Amino acid sequence: MSRDDQLRNQRIVYYEQDIARLGTELDAFLELSKARCTLLVDRDGHLVTRRGEPMKTSEEAISALIAGSFAATREMARLLGETEFSILFHQGKRDSIQLQMIGERTLMATLFDGRTNLGMVRFYAQEAAVRISKVFAEIASEERVGNLQEDFEARAADALDKLF
Amino acid sequence: MVQINFAQKTVNVKIVYYGPGMSGKTTNLEVVHQRAPSTNRGELTSISTDGDRTLFFDYMPLDLGTVAGMRTCFQVYTVPGQVYYNSTRKLVLQGVDGVIFVADSSASMLDQNIESLRNLEENLNEYGKSLSSIPHVMQWNKRDLPDAMSVEELERHLNHHRAASFEAIANTGQGVFPTLKAMAAVVLKGIMQEAGGPKATSGTAIRPVAGSARPAGAPSPRPAIPRDAPAVEPAFHPAAAPVPAERTPLSVAAQAAPAAPAARPAVRTIAATAPAAAAPSSPAAVMRTVPKLTPVQRSDPRPHKMPVAGSPRRSRPAAAPAPVAAPRRRGNGVFTGMFVLLAAGAGALLAWVVLSVL
């Protein structure tokens with residue numbers, strides 16, 4: 001992996017305009033697919049953004065499990081000689097979820113129910129994945145200045161003292 | 001790796017408890033879950049076997065609250081300690097920002113401690129990291145065992161990078177919070193060194209700084225944990241304090257250990273299917289979630305209930321950022337629909353021709 005590739009893969013800073021662009025794509029996908037909601041999750045398990053209906057459970061926990069599930073599947077693919085299994089599907093009695101890799105480091109999880117079907121979701125998710133991966137590629141290619149407030153460290157120290 | 005989301009004003013940090021099997025990693029996390037303020041902790045999710053052995057990972061978000069306008073959250077994981085779970089252990093390490101190595105102080109566990117530390121280094125190397133570059137702290141757990149090795153011996157055998165170290169008796173809660181606090185302090189310091197200041201750019205990762213795991217506080221002798229009294233939390237071990245010039249503002253303050261925790265909390269079984277990868281002796285795997293008492297306090301809370309029937313679908317959650325005024329891309333969908341209709345028509349025509357010929 002070249003240094004440039006490494007830096008692109010390690011980008012983890014998202015700005016409002018990034019999330020707005022991703023949100024626009026996700027809204028369009030939801031409108032077409034009729035899915036309930038969709039989440040973009042970093043490969044490390046951090047939630048990037050979500051659109052659609054609110055979830056009943058912790059989004060952080062779901063994100064961690066999605067990343068873990070995909071990571072386990074990727075390892076399984078490696079053992080079987082595959083590059084990766086880029087799409088996963090879990091079917092439930094009422095709700096189902098499709099997981100799809102977008103680019104190198106993001107997962108798109110789509111929750112849907114009987115108002116649509118797997119074919120619709122998969123078809124439009126493929127289209128959305130192409131557009132969203134372009135957004136991520138553009139984000140990764142841009143050099144922008146951004147920083148936390150200078151007193152972040154001091155305030156974090158205060159917060160830690162209060163918490164522990 | 002640290003994720004900074006300026007749209008949702010969040011900073012997410014991934015911390016992993018690592019160590020040999022039965023060294024107390026999950027116990028550490030359970031103590032944090034039990035004693036952290038209910039407004040700061042999320043659900044404790046555990047993918048474990050029926051025997052409460054971690055199968056994939058335990059996970060709990062710990063919310064530090066809003067710091068300088070950013071909701072700062074630690075995503076805390078543990079790994080399965082058994083040797084044969086290395087593949088899953090490696091997966092959990094992906095994107096880790098800080099590692100807490102939980103060593104069993106028992107002399108009979110020294111070899112397992114060394115092997116686990118070597119395994120940690122190997123797995124980090126696969127992600128282009130190493131213990132010399134990633135923030136980590138050491139926890140010498142089970143100090144109450146009769147055959148516990150001396151701290152000096154443990155330091156000599158295991159703490160090759162002179163990281164901050166803490167004595168602990170995790171099942172009573174002693175040493176758990178100071179360890180996590182020191183880890184959090186080092187990681188947050190690393191964030192500022194990479195992201196703070198006007199010169200920081202988003203083009204580089206918010207990577208931990210080499211050697212930043214070393215405590216910056218002045219050396220102070222570490223008191224042994226008294227067996228029969230509330231422990232005053234130890235400062236950084238002298239061997240881990242290289243007498244730097246500056247003193248970190250995130251230094252660990254002395255803190256009395258809370259009372260002993262109860263047994264493992266009641267759990268809710270979500271699934272009970274034994275994975276094929278589990279050892280033959282492993283019983284059925286379960287994922288248990290310890291429900292939090294109250295939801296994690298958010299600066300911008302999102303609704304948690306599903307909309308009632310008849311309500312507008314996909315109502316945007318409160319925390320979700322509003323999209324910019326860019327128009328939605330409907331064109332692609334229309335073209336796709338037309339394409340599908342044309343293809344279906346062509347197919348039907350072809351089928352009719354074939355059937356007519358037959």
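A residue is buried if 20 or more other C-beta atoms lie within 10 Å of its own, exposed if 12 or fewer, and partly exposed in between, with C-beta atoms placed from the backbone. The structure is a predicted model, in which local features need pLDDT of at least 70 and side-chain atom pairs count only at pLDDT 80 or more, while totals for chains, interfaces and linings use all residues. Residues are numbered from 1 along each chain as its sequence is written, and chains are lettered from A and ligands numbered from 1 in the order in which they are written.

**Exercise 1.** Determine whether L99(A) is buried or exposed, and state which residues it contacts.

*Solution.* Step 1: locate the residue. L99(A) lies in strand β5 (residues 96–102) of chain A; strands (E, at least two residues) and helices (H or I, at least four) are DSSP runs, numbered from the N terminus.
Step 1: count neighbours. L99(A) has 22 other C-beta atoms within 10 Å and is therefore buried.
Step 2: list contacts, a contact being two residues whose C-beta atoms, placed from the backbone, lie within 7 Å. Apart from neighbours within four places in sequence, L99(A) contacts I66(A), S69(A), F70(A), I87(A), L88(A), L107(A) and A109(A).
Step 3: compare sequence with space. I66(A) is 33 residues from L99(A) along the chain, and their C-alpha atoms are separated by 7.8 Å.

**Exercise 2.** Describe how helices α2 and α4 of chain A are arranged.

*Solution.* Two packed helices are described by the angle between their axes and the distance between the axes.
Step 1: read the values. The axes of α2 (residues 16–33) and α4 (residues 118–141) of chain A come within 9 Å and cross at roughly 170°. Axes are lines fitted to C-alpha atoms, for helices over the stretch in contact, and angles run from 0 to 180 degrees between N-to-C directions.
Step 2: classify. Angles under 35 degrees count as roughly parallel, over 145 as roughly antiparallel, 65 to 115 as roughly perpendicular and the rest as oblique. α2(A) and α4(A) are therefore roughly antiparallel to each other.
Step 3: identify the contact. Among the residues that make it are L22(A), F29(A) and L32(A) of α2(A), together with Y124(A), I132(A) and I139(A) of α4(A).

**Exercise 3.** Compare the positions of T27(B) and K9(B).

*Solution.* Step 1: T27(B) belongs to helix α1 (residues 25–35) of chain B. It has 24 C-beta neighbours inside 10 Å, so T27(B) counts as buried.
Step 1: T27(B) touches A170(B) and N171(B), residues up to four places away in sequence not being counted.
Step 2: K9(B) sits in the loop between β1 (3–5) and β2 (10–18) of chain B. Its 18 C-beta neighbours inside 10 Å are why K9(B) counts as partly exposed.
Step 3: the phi of K9(B) is near 55°, a positive value in a residue other than glycine.
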